[in-house]
Structure formats: C-alpha cells, structure tokens
Amino acid sequence: GYWKLPQKPIDGGDLRDRVVSAARKSGTAPVRQAHLVEVYTALSESIRRLFGSIEPTSQGLAQQYEHTPELAGFFITRLTSSSKEVSRGRRLLYESSMLARKMKPNWAKSCLESFIHRATGVLEMRL
C-alpha cells in the first residue's frame, strides 16, 4: 500500500491543503505492512457497512421501481457488471429486456434498450 500525500505538511498551509490528498502534485509514500493492517482493521467494519450490504435482486428492483420500469431495467442491467457468472449476467439481461419490452415507446425505453445492448456486448467480451 501507499499514502497519497496532501499538498502541504500537517503544520503548513490552509486546512484543505493539509488534509486533501494530491498524489499527482505531492506524490505518494510507502506504508509499512503493520500500519496497513492496522488501518484495514480499523476501517473494515465501516467499509463493510457502507459497501457490504446484500446485493439487490432483479425481482426486488422490479418491485421497488414498479412505477419507473426504465429505472428498474437500468439497475438490473447494471447488476450484470458485478456478476461473476456469465449465465447469471445473461439471465439479468433477459429480465431487463422483458421489462423494456413491456414499456411504451419513448426516449427512456430507447436509452434502456441501448444500455442493455451495450451490457450484452461487454458480457460477451468476458467469454
């Protein structure tokens, strides 16, 4: 691991320059392994709470956004990028395609169908 350094040392400059990392301008510094483990340990619970919730399901998204199927379709299609299994990705794309098929023709449907086609291409490239 490494530290992204701020523009100014802790005792110089305004607060923003002392606390916001600016790796392009100020560079980086290596982190000792023991310190890295300490930081990971301290942050792991917070990170898990922030990002570790249960992944939504296509059925749950379709129910949650039943009044905005274009949004449900977008989120379901978006799930394919986190899917490690191609067969699951294909199923999710099929489900979002079925939502799109039920929509009345409009720009939102066109955008969703375009996004589904893009995600299909990305998924096929993973084979």
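## Helix packing and nonpolar cores

Reader: Which residues make up the largest nonpolar core?
Author: The largest nonpolar core has nine residues in all, namely Val86, Leu93, Ala100, Met103, Ala108, Leu112, Ile116, Ala119 and Leu123. A nonpolar core here is a set of buried Ala, Val, Leu, Ile, Met, Phe, Trp, Tyr and Cys residues joined through side-chain atoms within 4.5 Å, and buried means under 20% relative accessible area, with exposed over 50% and partly exposed in between (1.4 Å probe, protein chains only). This is a predicted model, in which local features need pLDDT of at least 70 and side-chain atom pairs count only at pLDDT 80 or more, while totals for chains, interfaces and linings use all residues. Residues are numbered from 1 along each chain as its sequence is written, and side-chain values use heavy atoms, with hydrogens and water left out.

Reader: Which helix gives the largest share of this core?
Author: The largest share, five residues, comes from α7, and α6 and α7 (107-125) each supply at least two residues of the core. Helices are DSSP runs (H or I, at least four residues), numbered from the N terminus.

Reader: Which other core lies apart from it?
Author: Another core, of six residues, lies apart from it, and Leu61, Ile76, Leu92 and Leu99 are among them.

Reader: Switching topic, at what angle do α5 and α6 pack?
Author: Helix α5 (residues 69-79) and helix α6 (residues 86-102) pack at about 170 degrees, with their axes 8 Å apart, where axes are lines fitted to C-alpha atoms, for helices over the stretch in contact, and angles run from 0 to 180 degrees between N-to-C directions. That makes α5 roughly antiparallel to α6, a label for angles over 145 degrees.

Reader: And which residues make that contact?
Author: From α5 come Pro69, Ala72, Gly73, Ile76, Thr77 and Leu79, and from α6 come Arg88, Leu92, Leu93, Ser96 and Leu99, where contact means heavy atoms within 4.5 Å.

Reader: What about the loop between α5 and α6, is Thr80 buried or exposed there?
Author: Thr80 is in that loop and counts as buried, because its relative accessibility is 5%. A polar atom of its side chain lies 2.6 Å from the backbone oxygen of Thr77. Leaving aside neighbours within four places in sequence, Thr80 is in contact with Gly89, Leu92, Leu93, Ala119 and Arg126.

Reader: And Ser83, what does it touch?
Author: Not counting residues up to four places away in sequence, Ser83 touches Arg88, Gly89 and Arg126. Ser83 is also in the loop between α5 and α6, and at 1% relative accessibility Ser83 counts as buried.

Technical notes. Parallel < 35°, antiparallel > 145°, perpendicular 65-115°, else oblique. Polar contact = N/O pair within 3.5 Å; in protein donor to acceptor, adjacent residues only side chain to side chain.
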